[in-house]
Amino acid sequence: MLGRMTDRPVTRHTIFQNSLMTALLDGIYDGEMTVGELLGKGNFGLGTFDALDGEMVIIDGTCYQLRHDGSAVRADLEARSPYAVATNFVPRIRRRAPENIRRSELSDFIDEMTPSENYMYAVRITGRFSDVTTRTVVRQSKPYPPMTEAVGDDAEQHFTDVSGVIAGFRTPIFEKGISVPGCHVHFIDDGRTVGGHVLDFTLAEGKIELCPGTDLDLRLPLTSTFSSANLDPEDLDDQLHATEVKD
Ligand SMILES: [Zn+2]
């Protein structure tokens, strides 16, 4: 470990986060932070929109809304987000991916690339995908159900032979509840027309870039719904599995 650390020293780098994953799980779907404000925190990231109205991805300083039908549009700068993670992406660690690699294998490959499992990593995978399976949350109406129920309305999309980018974060297990532990990534195609929350994929050819994060800038909402939320559920592991992995 130490040897690898000196080969590729980790530089201090901040990852910004708006609210908590446990707040989202508890049905806190309305936030107080706008897309415009969020873009001031980073040119790269992911999240969701108020009322769970689609998945969010930020690429090269542009924020996209990935809608229920799998289509992508540029997000309104005034739109609000109840949960988002963003950073200014610096590709400090880069590797060409082995050809035709599936998500599970690529996950191990990315682990090998990281100098330590104890830091956060922004992950960017750019290339040609032979297939990508995504899901997208559906706009919810009040009274909001908890997320384990809300994702029951999810639509799955399947894209084949598509060029694009998978963007997101690899988060240490100790952040469970603050964020989604492990890899949480969203997809958008090169034309910025389709995408969603990634369930599975095969990367035909492409590159992997990582930006290590050492500092977490956590912004907690001042809303009354957040202040009265249950942020310590007993079945957190089950809820995370049901909402983010969904197998
Ligand atoms: Zn997601």
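Biologist: Before we start, what counts as two strands pairing here?
Modeller: Two strands pair if DSSP finds at least two bridges between them. Keep in mind that this is a predicted model.

Biologist: Good. Which strands form the open sheet, and in what order?
Modeller: There are 7 strands in that open sheet, and the order is 6-5-4-3-8-1-15. The pairing is mixed.

Biologist: Which strands stand at the edges, and why is one side of each left without a neighbour?
Modeller: Strand 6 (72–74) and strand 15 (215–219) are the edge strands. Each has a single partner strand, so one side of each has no neighbour in the sheet.

Biologist: By how many degrees are neighbouring strands turned against each other?
Modeller: On average 20 degrees, with direction ignored.

Biologist: Let's zoom in. In what sense do strand 3 and strand 8 pair?
Modeller: Strand 3 (residues 44–48) and strand 8 (residues 83–87) are antiparallel, with 5 bridges. For one spot to look at, Gly 45 has Ala 86 in strand 8 as its bridge partner.

Biologist: And what holds strands of a sheet together in general?
Modeller: Strands of a sheet pair through backbone hydrogen bonds, parallel or antiparallel.

Biologist: Switching topic: how many residues are in the largest nonpolar core?
Modeller: That core has 58 residues. Among those with the most contacts inside it are Met 56, Val 57, Ala 122, Ala 167 and Ile 188. As a general point, nonpolar side chains tend to be buried together in soluble globular proteins.

Biologist: What is Ala 167 in contact with, leaving aside its neighbours within four places in sequence?
Modeller: The contacts of Ala 167 include Phe 44, Leu 46, Val 57, Ile 59 and Arg 124. Val 185 and His 186 are in contact with Ala 167 too.

Biologist: Now the loops. Where does Glu 175 lie?
Modeller: Glu 175 is in the loop between strand 12 and strand 13 (182–189). Its C-alpha atom is separated by 9.3 Å from that of Met 120, though the two are 55 residues apart along the chain.

Biologist: Why does Glu 175 count as partly exposed?
Modeller: Because Glu 175 has 18 other C-beta atoms within 10 Å, and a residue is buried only from 20 or more, exposed at 12 or fewer.

Biologist: And Ser 228, buried or exposed?
Modeller: Exposed, with 9 other C-beta atoms within 10 Å of Ser 228. You'll find Ser 228 in the loop between helix 6 (224–227) and helix 7 (236–245).

Biologist: Which residues have a positive phi although they're not glycines?
Modeller: Asp 60, at about 50 degrees, and Asp 161, at about 45 degrees, are examples. Asp 60 is in the loop between strand 4 (55–59) and strand 5 (62–66), whereas Asp 161 lies in strand 12. Asp 60 is exposed, and Asp 161 counts as exposed with 10 C-beta neighbours inside 10 Å.

Terms used:
Residues are numbered from 1 along each chain as its sequence is written. This is a predicted model: local features need pLDDT of at least 70, side-chain atom pairs count only at pLDDT 80 or more; totals for chains, interfaces and linings use all residues. Helices (H or I, at least four residues) and strands (E, at least two) are DSSP runs, numbered from the N terminus. Axes are lines fitted to C-alpha atoms, for helices over the stretch in contact, and angles run from 0 to 180 degrees between N-to-C directions. A nonpolar core is a set of buried Ala, Val, Leu, Ile, Met, Phe, Trp, Tyr and Cys residues joined through C-beta atoms within 7 Å. Two residues are in contact if their C-beta atoms, placed from the backbone, lie within 7 Å.
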